[in-house]
Amino acid sequence: MLITNISFEVIALDNRYANQCIACTVTSCKHHNDQADFCSLAKITVGLHDKRPAEYPCTDCRSFQLKSDYEMMD
Ligand code: SF4
């Protein structure tokens, strides 16, 4: 039997991988590669938080997850 439809997904085990297709400066995210300012995920999801998006601040990375050791500034 010939298998014709195989898909692969890179699973990032930690944030040492730098996906150079996803530049990112969100250092509070656990997926951020702090050495290279790239995301360590193979893919991300971007969504909206504004019903009528007109500029980039209306968008969000839905793959964001807060670093467990990140300290919030006041
Ligand atoms: S998941 Fe989103 S916010 Fe987090 S590092 Fe990747 S691109 Fe940046």
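**Ground rules.** I am working with a predicted model, where local features need pLDDT of at least 70, side-chain atom pairs count only at pLDDT 80 or more, and totals for chains, interfaces and linings use all residues. I number residues from 1 along each chain as its sequence is written.

**Ligand.** I found Ile22, Cys24, Val26, Cys29, His31, His32, Cys39, Leu41, Ile44, Cys61, Ser63 and Phe64. By class I get 9 nonpolar, 3 polar and no charged residues; here Ala, Val, Leu, Ile, Met, Phe, Trp, Tyr, Cys and Pro count as nonpolar, Asp, Glu, Lys and Arg as charged, and the others, Gly among them, as polar.

I traced an open sheet of 3 strands, order 1-3-2, with antiparallel pairing. Strand 1 (19–23) and strand 2 (32–33) are at the edges with a single partner strand each, so one side of each has no neighbour in the sheet. Strands are DSSP runs (E, at least two residues), numbered from the N terminus, and two of them pair if DSSP finds at least two bridges between them. I see 2 bridges joining strand 1 to strand 3 (residues 38–39), and Asn19 has Cys39 as its bridge partner in strand 3.

**Phe64.** I located Phe64 in the segment after strand 5 (59–61). Leaving aside neighbours within four places in sequence, I find Phe64 in contact with Val26 and Cys29 (C-beta atoms, placed from the backbone, within 7 Å). I also noted 9.0 Å between the C-alpha atoms of Phe64 and Thr45, 19 residues apart along the chain.

Definitions and conventions. A residue is near a molecule or strand if its C-beta atom, placed from the backbone, lies within 6 Å of it. Helices (H or I, at least four residues) and strands (E, at least two) are DSSP runs, numbered from the N terminus. Two residues are in contact if their C-beta atoms, placed from the backbone, lie within 7 Å.
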